[in-house]
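Let's take a quick tour of one protein model. Have the sequence and the 3D view ready.

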Amino acid sequence: MERRYIEKCSQYGCKAKVFNQMKGELKKKIGTPDLVIIFVNSVSHKMARCAATEAKRCNASLEHCHDSLNALSDILETYVERAEHTDD
C-alpha cells in the first residue's frame with residue numbers, strides 16, 4: 001500500500017513519505033512537511049500523537065482518514081486546490 005500512496009501523491013504533484021510503523025524518532029524523519037495525513041486504521045495512538053505534534057511544530061496541515069486511496073485522493077485534491085488559491 002505504501003507504494004500506491006506514494007504514486008497517488010505524485011499524481012497530484014506532491015512528494016510523500018510513508019510511515020506505517022514507529023521506527024526510531026519520527027521527529028527526525030518527518031522533516032518539515034506542508035501536509036501530514038494520518039491513516040487512523042493503520043497507526044498506533046502513540047504514532048498518531050507524535051505525527052500530530054510534529055505537524056503542529058512545523059505549522060503543517062493535519063488530516064485524518066481511513067486507509068483508502070479514495071480518501072487520500074479527496075484530501076490531496078482539496079489540499080492542492082487550497083494551495084493553488086493561496087498562490088493567486
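## Before we start

This is a predicted model, so to speak of local features takes a pLDDT of at least 70 and side-chain atom pairs count only at pLDDT 80 or more, while totals for chains, interfaces and linings use all residues. Residues are numbered from 1 along each chain as its sequence is written, and side-chain values use heavy atoms, with hydrogens and water left out.

## Helix α3

α3 has 13 residues and reaches 18 Å from its first C-alpha to its last, close to the 18 Å expected at 1.5 Å a residue. That expected span is 1.5 Å times one less than the number of residues. Helices here are DSSP runs (H or I, at least four residues), and strands are too (E, at least two), numbered from the N terminus.

Which residues of α3 are buried? They are Met47, Ala48, Cys50, Ala51, Glu54 and Ala55. Seen down the axis of α3, these buried residues fall within an arc of 160°, so they line one face of the helix. The arc is that of the directions from the helix axis to the C-beta atoms. They pack against α2, β1 and β2, with contact meaning heavy atoms within 4.5 Å. On the other side, His45, Lys46, Arg49 and Lys56 are exposed. Buried means under 20% relative accessible area, exposed over 50% and partly exposed in between (1.4 Å probe, protein chains only).

Asn59 sits in the loop between α3 (45–57) and β2 (61–65). Its phi is near 60°, a positive value in a residue other than glycine. Asn59 is exposed, with a relative accessible area of 73%.
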